[in-house]
Amino acid sequence: MAFFGWWIISLGLLCSGIVAEVIVISTDNNEVCTTRSGEAGICVYQYQCREGVISNSGEMIIDIRQKLDDCNDHMMECCAEPSKPTTPAGDKSETFPTTIASITNPIDEDVNETTSENTDEPKRPAINIPPYEVEGCGHRNPNGVIFRIENNQFSESEYGEYPWTVAIFARTKNNSLKYLCGGALIDRAAILTTATCLHAYRFDITPLVVRMGEWDMSTVHEPIPHIDSGMEKIYIHPQYGMTSKINDIAIIVLRDTIELNHTIGVVCLPPANSDLPGKEVVGVGWGEVPHFIEPRKLPQTILKKAHLRHLPHELCQQTLRKLMGRRYHLHHSFLCAEALDTEMLPCRGDTGSPYIMETSYGSERYYLVGLSSWGYDCNKQNAPTVLTNVAYHREWIDKVIKGDDLNVWSYTYEQSTNNDEEE
């Protein structure tokens, strides 16, 4: 999984508030377009369009590689409204204006007041979002949220599959956002990432922005809007080594307390100095595909997942000594993973991307076991990926979280009481 290099996203100025919903990018609800058959239509999600006509009986699937149409967004499709029934001649039944109330877009108050004039305008179908009732940390959405994707040839994740994954940006002089690194939400007001990501900004964090609920960086049409927040403060591990990358870990305290939802959730942290509960590690982040992959593939904008295998400490050290010299010592603040497939190789710039492991087989709840720290360029095969060992730093994390009056129980795994995770 590789670095999504210098992707620039333009945003308006950020606002601050108690809850970060006030920092959401919104778009026009009813974008007029021309369908592939030349009819007038509006842009709707692919699953809301059936045979070129708006329908609510779709299969809730989005083909992320469907050819772009007038909507110019792979999540959307230009779709015509269903034909309206005609009134038979001579039918003089009285008609009444329709009153429309909307709570989905409170900004458009004048539009909602002139209801009778707008009944002929095309309307995008409502999106049904189920209530959010998740309790506890580390819950993955294996089937995605609202819709599933197909034709995901490059290991793209489902929408909302890993809700703790965050993107960290720096604001540039022209008020755009430049992608820096990844991270993981461990509390409604705290992010875990690497010191490498934040070190250059340790004296001035004002340009930094954390984005939660992001999935596809090329669009703002995700059904549940992402949330942006500034940083109140950062904690870089006091024994972080800039050159050695030892203790490559940092904590961000957000300016805003985030409301959790289907696409924004908290990951669990493993107990202090604990052994990994399994062998397979899943890394999540945005990035390009290694250059040696044939045929050549385009850079990623959709959150991507990579399946790797945990490499025991001694074996990793032996492998690294072949590359770095026989005296190299692998510090215990690191753990290693190796790619199961060459396309899954992490690359430089993937720093801070979360690496997770199931708390127990089949539980679909996850520990954050590592953060992408360093490794060789993704085009060098047969080299392990070196991660920050989260369990090794658990005591330091707890100390910082408690010292900032945040809750360590936010990321502490507790087994379900209904015995469905006991296996």
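Does Y179 count as buried or exposed, and what is the relative accessibility behind that? At 1% relative accessibility, Y179 counts as buried. Buried means under 20% relative accessible area, exposed over 50% and partly exposed in between, with a 1.4 Å probe and protein chains only.

The model is predicted: local features need pLDDT of at least 70, side-chain atom pairs count only at pLDDT 80 or more, and totals for chains, interfaces and linings use all residues. Residues are numbered from 1 along each chain as its sequence is written, and side-chain values use heavy atoms, with hydrogens and water left out.

**Aromatic pairs**

Twelve aromatic pairs are found in a search of the whole structure. Rings of Phe, Tyr and Trp (its six-membered ring) pair if their centres lie within 6.5 Å; planes under 30 degrees apart count as stacked, over 60 as edge-to-face and the rest as tilted. F169 and Y179 form an edge-to-face pair, because their ring centres are 5.9 Å apart and their planes stand at 75 degrees. F169 belongs to strand β9 (residues 165-171) and Y179 to strand β10, so the pair ties together parts that are ten residues apart in sequence. Strands (E, at least two residues) and helices (H or I, at least four) are DSSP runs, numbered from the N terminus.

| Residue | Relative accessibility | Class |
|---|---|---|
| F169 | 0% | buried |
| Y179 | 1% | buried |

Elsewhere, ring pairs link Y45, Y47, F147, Y159 and W215 into a cluster.

**Nonpolar cores**

A nonpolar core is a set of buried Ala, Val, Leu, Ile, Met, Phe, Trp, Tyr and Cys residues joined through side-chain atoms within 4.5 Å. The largest one has 85 residues, of which L192 and I397 touch the most other members. Strand β10 (residues 176-187) gives the most to this core, with seven residues. Domain 1 (32-80) and domain 2 (280-392) both give residues to this core, so it lies between them; the domain bounds come from an automatic or database domain assignment. Another core, of nine residues, lies apart from it and includes C316 and L320.

**Helix α4**

Helix α4 (residues 313-324) has twelve residues and should span 16 Å at 1.5 Å a residue, which agrees with its end C-alpha atoms being 16 Å apart. The expected span is 1.5 Å times one less than the number of residues. H313, C316, Q317 and L320 are buried in α4. Seen down the axis, the buried residues of α4 fall within an arc of 100 degrees, so they line one face of the helix; the arc is that of the directions from the helix axis to the C-beta atoms. These buried residues pack against β16 (304-311), β17 (334-339), β19 (366-374) and β20 (385-389), where contact means heavy atoms within 4.5 Å. Just after α4, G325 takes a positive phi of about 115 degrees.
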